Amino acid sequence: MATATAAAIRGTARLGRRTKELVKRLGSGDIAVIDHRNLDRIAAEELIACGVRATLNAAPSSDGSYPNTGPLALVRSGVPLVDGGPELFDLIDDGDRLEVDGGRISVDGAIVAEGRPLRVDELAHDLDTQRARIDEALRDFTENTLAHLREEAGLLSGTIDLPETRTRFRDRHVLIVVRGTDHVRDLRALRSYIEDVNPILVGVDGGADAIVNEGLHPDVVLGDMDSAGETALRSGAELIVHAYPDGEAPGSERLRRLALSHTVVPAAGTSQDVAMLLAHEKGASLIVSVGAHFNLVEFLERRRGGMSSTFLTRLRIGETLVDAKGVSHLYPAR
């Protein structure tokens with residue numbers, strides 16, 4: 001048994017292969033054990049907000065394929081990050097008492113794994129290197145976008161069969177919240193706008209939780225329903241499941257288990273694209289987007305190889321769509 005140094009970190013292991021679900025049960029005394037290749041900035045911010053003592057990753061936190069800012073943001077915040085290898089989930093159980101000392105990982109005093117602690121200077125250097133060759137990722141991203149444009153052309157032509165909704169969008173402002181970069185902060189910055197304008201609030205999957213956590217009530221929850229919390233689903237909001245183009249809708253099974261009525265909309269593209277198109281086609285006068293992805297790095301962080309659906313959606317909606325940051329500048333908080 002090795003002697004721990006003064007810098008050793010101790011806490012309770014909390015395991016989860018899906019970081020966005022694990023963060024819902026993390027606390028300040030925990031050490032997060034994740035399986036998250038290319039830990040994105042959004043996940044890093046959520047881990048920081050949970051106050052975890054350290055994070056152990058069974059996958060490479062950054063594989064060098066694009067400029068990934070998540071690991072650097074996590075380590076700079078003071079949360080140690082160790083890449084421990086795929087065997088972590090076999091060596092550690094949920095609730096184990098862990099000790100992390102540099103790269104050494106111990107359970108109840110016995111070393112079970114040796115990982116690689118990620119340092120700020122190393123991560124910053126790697127990030128600069130990745131940014132210098134972003135052209136490779138851009139080329140692949142562009143080629144994939146062009147390859148899928150024809151498949152998703154229905155987003156532009158308006159051939160998606162949108163359901164009838166009890167929510168009336170005509171001539172209303174619609175605020176669409178997506179779990180994305182700075183989405184909680186941007187939503188808070190719009191509090192004065194929300195109180196004065198009373199927009200329709202649409203939560204896209206986990207974005208619905210952000211609405212509820214701010215003490216607001218979503219009018220619509222739309223998505224594949226894999227990350228929206230049960231509180232949001234039971235809030236009385238209209239529930240719309242985004243299905244695959246062939247009609248398969250895995251999210252419907254969860255809502256049936258919860259005995260919640262819902263409608264289904266089969267469509268290509270992302271759920272945030274479908275939410276925007278729904279609001280636009282139902283006559284919204286303005287669509288304000290919170291947390292939506294607008295740049296290349298954000299798309300790569302979400303493991304999307306192209307942006308065909310997003311490009312077509314923005315092209316169709318045009319000037320009706322504005323970003324939350326723009327609204328917050330024009331409508332400052334009181």
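User: How many bridges join strand E12 to E13?
Analyst: Keep in mind that this is a predicted model. E12 covers residues 238–243 and runs parallel to E13. One spot to look at is Ala 243, which stands opposite Pro 266 in E13. The number of bridges joining the two strands is four.

User: Which strands stand at the edges of the open sheet?
Analyst: Seven strands make up this sheet, paired in parallel and ordered E13-E12-E11-E10-E9-E14-E15. An edge strand has a single partner, so one side of it is left without a neighbour in the sheet.

User: At about what angle does helix H13 run to E11?
Analyst: H13 spans residues 271–281 and lies across E9, E10, E11, E12, E13, E14 and E15. Against E11 (220–223), the helix runs at about 135°.

User: Is Thr 167 buried or exposed?
Analyst: Thr 167 is found in the loop between helix H7 (154–157) and strand E9 (173–178). Its relative accessibility is 12%, and the cut-off for buried is under 20%. Therefore Thr 167 counts as buried.

User: Which residue's side chain makes a polar contact with the side chain of Thr 167?
Analyst: Leaving out residues up to four places away in sequence, Thr 167 touches Ile 200, Asp 219, Val 220 and Glu 238. The polar contact between side chains comes in at 2.7 Å, and the partner is Glu 238.

Technical notes: Residues are numbered from 1 along each chain as its sequence is written. This is a predicted model: local features need pLDDT of at least 70, side-chain atom pairs count only at pLDDT 80 or more; totals for chains, interfaces and linings use all residues. Side-chain values use heavy atoms; hydrogens and water are left out. Buried means under 20% relative accessible area, exposed over 50%, partly exposed in between (1.4 Å probe, protein chains only). A polar contact is a pair of N or O atoms within 3.5 Å; within protein, one must be able to donate a hydrogen and the other to accept it, and residues adjacent in sequence count only if both atoms are side-chain atoms. Contact means heavy atoms within 4.5 Å. Two strands pair if DSSP finds at least two bridges between them. Axes are lines fitted to C-alpha atoms, for helices over the stretch in contact, and angles run from 0 to 180 degrees between N-to-C directions.
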